[in-house]
Every structure is written in structure tokens, then in C-alpha cells.
Amino acid sequence: MNTIYKLTEVIQNELDSNVLINTVTYGDIDDLLLDKRNIYPVAHVNLTGATLSSATANMSISVMIMDIVDINKKEETSIFRGNDNEQDVLNQCTAAASKLVAELKRGSLFADGFQMEGDANLEFFTDRFEHKIAGVALTFEVILSNNIDLC
């Protein structure tokens, strides 16, 4: 069984091909070096669970897409938008997440058998980490054929 390898590889490849993402990482978020500015914008993939049946495997996946928020000290602060690019970062991260969802719902990943089950959930976050970081946490399930051979 190499389902995990195939799934993480196709997600990594799709995120790597996205021009809105600079780096793709996997695993425990605490292991990610969040203070390295040259890795941003980053997509961080994590498998969160699975449901196995005789014919399928439903894999639960979380992808955090994030970037550093830049503060503009030269411009006057807007009451609504502040003096940073947080909304720009959230918009860019949402666009990158939407591209992944589209590929899993009806694009090349769907055609290759990596099909999203149900709808994806998107949660916005800001300042979750030491530096001012903003982004989205995308959670979804992918249904795969369970191709285990019985002896």
C-alpha cells in the first residue's frame, strides 16, 4: 500500500506548481522554521486522519497557506485596513487554497483519482506565530480507492 506516498506527492506537486506559493513543507508545524523570511509564502501539509472501508480510504488533510504581513510605516493608518498588507495576504492565500480545491474537485487531480469528498473548510488566521503571519487553514477529505490485495 502506497496511498499516503501518492497522496502527499500529488498535493505537494500541485502546491509547488502554484505561483502564489514559494515553499511546500510537511509534518508537524512546530518543526517548521517560521522565522525564515525566504521560505514565504509557505504551504504546510499535514495528514490529520483517515476512514477506511473495504473499497475506499477517506483521508483527512490540513493545508496551512501563510505569508508574512508587511507593515507600511510610511503611509497613514486606515481605520479599516490598518497600515499593513494583511488583507492582501489573506486574499492571496485564499486564491492558492481555491486552486488546490478546484484541482481536487474537477481538475487534473480529480481525473487522476484524488477526489475531494464534500466541501473544503477554510479558516483565516493572523498572528498565530511569533512573527506577524497571516493565512488560511484549509481542511478537506480526499477519497481514494482502497487497493489492498488480500492473500
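Which residues does Asp127 touch, not counting residues up to four places away in sequence? Asp127 touches Lys132 and Ile133 by this count, where a contact means heavy atoms within 4.5 Å. The legends below describe a predicted model, in which local features need pLDDT of at least 70 and side-chain atom pairs count only at pLDDT 80 or more, while totals for chains, interfaces and linings use all residues. Residues are numbered from 1 along each chain as its sequence is written, and side-chain values use heavy atoms, with hydrogens and water left out.

**View 1. The whole chain, with its helices and strands.** The chain holds 3 helices and 5 strands, which follow one another from the N terminus as α-β-β-β-α-α-β-β; helices (H or I, at least four residues) and strands (E, at least two) are DSSP runs, numbered from the N terminus. Of its 151 residues, 41% count as buried, that is, under 20% relative accessible area, with exposed meaning over 50% and partly exposed in between (1.4 Å probe, protein chains only).

**View 2. Helix α1 and its buried face.** The 14 residues of helix α1 (residues 3-16) should span 20 Å at 1.5 Å a residue, and the end C-alpha atoms are 20 Å apart, which agrees; the expected span is 1.5 Å times one less than the number of residues. Buried in α1 are Thr3, Leu7, Val10, Ile11, Glu14 and Leu15. Seen down the axis of α1, these buried residues fall within an arc of 130 degrees, so they line one face of the helix, the arc being that of the directions from the helix axis to the C-beta atoms. Their packing partners include β1 (23-26), β2 (42-52) and α2 (86-105).

**View 3. The largest nonpolar core, around Leu15.** A nonpolar core is a set of buried Ala, Val, Leu, Ile, Met, Phe, Trp, Tyr and Cys residues joined through side-chain atoms within 4.5 Å. Of the 31 residues in the largest core, Leu15, Val63, Ile65 and Phe140 touch the most other members. Two or more residues each come from α1, β2, β3, α2 and β5, and the largest share, 8 residues, comes from α2. Leu15 touches Ile21, Val24, Ala43, Val45, Val63 and Leu100, not counting residues up to four places away in sequence.

**View 4. The loop that holds Asp127.** Asp127 is found in the loop between β4 (115-126) and β5, and at 46% relative accessibility it counts as partly exposed. Asp127 and Ile68 are 59 residues apart in sequence and 9.5 Å apart in space, C-alpha to C-alpha.
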